[in-house]
Amino acid sequence: ILQKAKDLKKHRQSLPIYTARDIIIKEVKDNACVVIVGETGSGKTTQIPQYLLESGLAAYGTIAVTQPRRVAAINLAKRVAEEVGTPIGQRVGYSIRFDDTSSRDSLIKYMTDGIMLRELLSDRLLLRYSVIILDEAHERTLRTDILFGMVKSIQKQRQDLIDKGKKDVQPLKIVIMSATLDAEKFSEYFYNAKIMYISGRMYPVKILNTVEPQSDYVDSALVTAFQIHQEEAPGDILIFLTGQEEIENLEKLIEEYGVDLPPTVGKLIPCPIFAAQDSATQQRIFEPAPPGTRKVILATNIAETSITIPNICYVIDTGCHKSRGYNAKIGIESLLVEPISKSSARQRSGRAGREAPGLCFRLYTEDAFEQLEEDAVPEIKRCNLEAAILSLKATGIDDVTGFDFMDRPSKSGMLRSLEHLYALEALDDEGHLTDIGKKMAAFPVDPPFAKVLLQSEKMECTREAIDIISLLSVDSIFSAPSAKREEANEARQKFTSLDGDHLTLLNTLRAYESVKGDRDWCRENFINSRHMRHVMDVRKQLIEFCHRAGGMDPTKSCGHDLEIVLKCFLAGFFQNTALLQPDGTYKSIIGGQTVSVHPSSSLFGKKREAIMYNELVFTTKHYIRGVSALESAWLSQAAPKYFGRRQA
Ligand code: ADP
Ligand code: MG
């Protein structure tokens, strides 16, 4: 045990940040806010809380460290507990949803930003904490942005109380930590806080792009990993993938292929890392591979800046991640696989050069790299403003227009969103969150879809509502190759509902289910099977959510009485409605805009009394897509508040 403690101490002293220890302590003591920028792996997350603890800053409150990811919070807390030398949950603890090891005695506490926001509801001034370290600030998730504003205001409120002579209140220290250099924005926001740069150690990393775009990056990752294993010098491999299923797939593939290796080649050991796995498995990634073998770490972008894995010499970058953000179609979180940004690609390649010169295999072309966005767009700019407002309100911030955003949305956009939320019955006359609004805030989809789901519970057609929302999460499940347009149209007739696109989609899904997603069937019927698989993914996530967090029965079905499903959708989309005019065109009920049914819709060329639609796209005219027929009498039932007020 003594030897281990000695080793840990040596490790701590060997980290690049160690030489800056005293100056970091001094700056945090002298200033209310400090921004610390340092290369990934330099020791920010594990060391700085310990330095502050050693310097006495935990004397009047816990040191909190927030993390965007659960796995990172757990993993780092365990490591630091080991370094401090007490069991996890005593001096060092962590707190994530459904799992809290921290205790009153915890002096350092790692937590997800979601938990911190929750604690804010019961402890408005976060008086338990002396220092709040906002880690991974460069990620700019909606939650971190909200936290930024909240802790800034808490710091001021605590100072005001102290200035008024309150004896039992202590000042709050704020430390912002980031792995990317563009820290000016954080500094400006926190009263021009001092920026400290911690230099790391970096060896050169050679970048190799593919010559051709890869159609299946999991497959190319597999081939590349075995190529490295058979041809390159020792050193572990790190592969960036997008999620648990993909990681498990590749893990299996690596094990299968490994069997065919010649006996002279050592084993290639896959080590997955993702949220839902036990800690022994997780610890394995930090331990050296047995002699003669090589580890291949399979990770999501958690290994980009949150967790540093030792001995990586080769990085395989698929160029994709699941964005925490946002599917712009229905707003569902964390499902869409999207290209990463250039700055992420650079972080990923950097992981190969921590201990020696390394190699990074980018499974995309140089051209594709050039086309990536420079930086990821902050979530608040990508996500639906109404969803952001609901989150703020759910965190207890009622004055959203007065909230101190780092990137402020426009006031007019904010007012429009507030009005829409009111019409959806998420806010009451005073602008406070209603019970419906509270529930909507918890749903992982945009507010109108959340409203549809809530309504579907009342109307007992949750199954159909989930199905259709999932179907709307992709551009189109139908493929229409221009050479075979007639054939495609004919195939589609089978599924077409006279009521419009919502039920046409549902019919198609039922047919797809009855053949168990057969690919030949998809081809014959001009169904885009890739999009369909995505739909099934979204559906799985929604079912799980409704079941677990929403306390709903996701199997409740209305059978053949499908009219009520349309009524449910109207409860969320009453603003997207149009009435037939005497001249045969449609005019939107709000704004009186002439809208044209898109040629891809099953109601194209049909004349119905009233219609609702999911999206409005402007190309040469205002086209509407996802269109279904209604009876105009449903309108006032669907949104009494809205249509009542408009009439008044
Ligand atoms: P930063 O926050 O600056 O990116 P960290 O404090 O997370 O750096 O990591 C510092 C060092 O600690 C790295 O070399 C990393 O490999 C090591 N480390 C972190 N967690 C563990 C762990 N669970 N087991 C072994 N080493 C770890
Ligand atoms: Mg860190």
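Here are some friendly notes on this predicted model, point by point.

1. **Ground rules.** Residues are numbered from 1 along each chain as its sequence is written, and chains are lettered from A and ligands numbered from 1 in the order in which they are written. As this is a predicted model, local features need pLDDT of at least 70, side-chain atom pairs count only at pLDDT 80 or more, and totals for chains, interfaces and linings use all residues, while side-chain values use heavy atoms, with hydrogens and water left out.

2. **Confidence.** The average pLDDT of the protein is 90, and 96% of the residues reach at least 70; pLDDT is the predictor's confidence in each residue, from 0 to 100. The model's ipTM is 0.99 and its pTM 0.80.

3. **Strand β1.** Take residues 33-38 next: six of the six residues in β1 are buried (under 20% relative accessible area; exposed is over 50%, partly exposed in between; 1.4 Å probe, protein chains only). C33, V35 and V37 point one way, and V34, I36 and G38 the other. Strands here are DSSP E runs of at least two residues, and helices are H or I runs of at least four, numbered from the N terminus.

4. **Neighbours of β1.** Strand β7 (residues 173-178) runs parallel to β1 over five bridges, with V35 opposite I176. Strand β8 (residues 194-198) is also parallel to β1, again through five bridges, and there I36 has M196 as its bridge partner. Pairing requires that DSSP finds at least two bridges between two strands.

5. **Aromatic pairs.** The structure has 10 of these, counting Phe, Tyr and Trp (six-membered ring) with centres within 6.5 Å; planes under 30 degrees apart are stacked, over 60 edge-to-face and the rest tilted. Because F148 lies in helix α6 (residues 142-163) and F190 in the loop between α7 (184-189) and β8, the pair ties together parts 42 residues apart in sequence. F148 is buried at 0% relative accessible area, and F190 is buried at 1%. Ring pairs join F148, F186, Y189 and F190 into a cluster.

6. **Helix α12.** Seven of the nine residues in 342-350 are buried, so α12 is largely enclosed by the rest of the structure. Among the buried ones are K342, Q347 and R348.

7. **Charges over rings.** K342 sits over the face of F369, 5.9 Å from the ring centre, and R492 over that of F478 at 4.2 Å. The criterion is NZ of Lys or CZ of Arg within 6 Å of the ring centre and within 35 degrees of the ring normal.
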